[in-house]
Amino acid sequence: MRYEAIVIGVSSGGMNVLKIISAALPTDFKIPIIVVQHVGAHSDSQWIQLLNEKSNLHVKEADEKEKIENGKIYFAPPNYHLLIEKDKTFSLTIDERVNFARPAIDVLFESAAEAYRNKLIGIVLTGSNNDGTKGIKRIKECGGLTIIQDPKTAESPYMPMSVLTAIEPDHILSIENIIAFLIKLK
Amino acid sequence: MQYKDTSDLEISLLLEAIYRKHGYDFRQYSQAHIRRRIMNRMAISGFADVSQMQSKVLNDEEFASELLQDLSITVTEMFRDPTFYQSLREKVIPILKTYPFIKIWHAGCATGEEAYSMAILLQEEGLYDRTTIYATDFNQLALNRAKEGIFSNKMIKEYTVNYQLSGGKESFSSYYTSSYDNVIMNQSLKKNIVWANHNLVTDSVFAEVNLILCRNVLIYFDKNLQNSVQTLFYNSLINGGVLCLGSKESLRYSDLYSEYQEMDNKQRIFKKKY
């Protein structure tokens with residue numbers, strides 16, 4: 001298996017696409033997926049449970065120091081930044097907001113790029129700010145694979161479009177094609 | 001230890017330099033976090049690599065203190081996580097009411113917002129007059145600000161909402177006076193708070209207390225350091241004393257887990273067994 005982890009950044013319009021992705025991946029999809037979805041500071045984590053119920057994979061909130069395991073989809077908890085350590089465990093911080101966001105996509109992506117180098121896939125989906133652009137650039141610099149949702153198909157095209165100002169992603173795909181691409185990896 | 005990545009080695013040497021020159025020990029902090037803070041400072045100050053920062057840290061006091069501020073997280077709020085304060089009122093206050101004198105330790109209080117929140121809560125519960133709050137941090141600049149008790153009024157709206165959601169009984173504005181862009185916390189809230197410099201990594205037990213609050217501090221530490229700080233807390237609590245951690249911090253993986261009883265698992269409130 002060439003890739004060891006997938007990081008996804010998503011903001012407004014995210015709930016719909018996350019539902020589709022988490023429900024579509026098959027039971028034997030091994031590569032762990034780590035997601036930052038922008039949510040409010042006081043959001044409870046009910047929606048993670050809902051995604052879990054509809055998914056073949058185990059969807060959960062990332063715990064601090066938790067070891068990243070295959071076959072799981074992890075979400076950053078509300079009001080915390082999520083980082084990945086080189087020993088493939090999670091760290092949480094309450095540092096200042098980045099791009100007005102906590103959790104911030106850039107924080108996850110930059111630490112994931114350092115930890116996984118060229119064994120990482122970074123994906124930026126729908127959203128209406130520029131969080132994730134710096135992070136996916138770092139993933140590319142470290143040799144990882146970069147994908148954005150085709151802005152034409154995104155509920156909020158600004159976030160994937162912002163990536164195009166910084167790098168040329170390896171793939172620009174609709175959600176359906178992102179799923180097909182991921183399934184072919186295994 | 002072998003380093004695959006030169007910048008990892010440079011960061012490790014920089015932390016060693018900070019510790020040996022200035023006495024602040026970040027060597028057992030979570031590495032991804034430390035790397036992020038150091039790389040930010042490197043970019044802002046225009047250094048080509050981490051090794052350049054090392055010489056600066058050793059020879060330039062002003063830069064060293066700037067970097068220390070970068071590595072110390074002072075992000076905090078009044079009544080952060082209102083549901084935690086609700087639980088504190090419902091489950092912990094009744095225990096505190098049984099003591100003639102109450103000692104509380106706020107470990108890692110930063111600029112003091114949570115210590116003031118505690119003072120407000122205790123005042124409303126009629127306990128403040130027999131309480132001493134030890135509010136400690138290793139960051140002296142943050143402590144100085146905490147002592148002043150002056151906060152930007154930009155945050156007050158959010159704090160007021162937090163206060164109300166936490167079960168506050170008064171009007172939040174009765175606890176401060178507005179002055180230009182700031183609010184000044186009431187003198188009566190400060191009278192039983194002792195602000196003191198204490199470093200969880202290098203300092204030891206200084207008092208026996210009924211309640212310890214240390215929220216969103218341990219997440220920055222590696223497992224070893226977490227365990228040693230947990231031992232420090234355990235040794236500082238009286239039997240039956242209460243430990244409150246941040247909402248994403250767990251005792252479960254600590255060596256001392258079996259020595260506590262869970263009072264509120266979601267809000268991470270634990271009681272030291274008798």
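**Exercise 1.** Find which elements each supply at least two residues of the lining of the largest pocket.

Solution. In chain A these are strand S5 (81-84), strand S6 (90-93), helix H3 (105-116) and helix H4 (133-141); in chain B they are H1 and helix H2 (31-45). Helices (H or I, at least four residues) and strands (E, at least two) are DSSP runs, numbered from the N terminus. H2(B) gives the most, with eight residues.

The model is predicted: local features need pLDDT of at least 70, side-chain atom pairs count only at pLDDT 80 or more, and totals for chains, interfaces and linings use all residues. Residues are numbered from 1 along each chain as its sequence is written, chains are lettered from A and ligands numbered from 1 in the order in which they are written, and side-chain values use heavy atoms, with hydrogens and water left out.

**Exercise 2.** State how the residues of the lining of the largest pocket divide by class.

Solution. There are 17 nonpolar, nine polar and 23 charged residues. Ala, Val, Leu, Ile, Met, Phe, Trp, Tyr, Cys and Pro count as nonpolar, Asp, Glu, Lys and Arg as charged, and the others, Gly among them, as polar.

**Exercise 3.** Describe how helix H1 (residues 6-22) and helix H3 (residues 50-59) of chain B are arranged.

Solution. Their axes (lines fitted to C-alpha atoms, for helices over the stretch in contact, with angles from 0 to 180 degrees between N-to-C directions) come within 9 Å and cross at roughly 5 degrees. H1(B) is therefore roughly parallel to H3(B) (angles under 35 degrees). The contact (heavy atoms within 4.5 Å) includes B:Leu14 of H1(B) and B:Met53 of H3(B). Its residues divide into nine nonpolar, three polar and two charged.

Definitions and conventions. Parallel < 35°, antiparallel > 145°, perpendicular 65-115°, else oblique.
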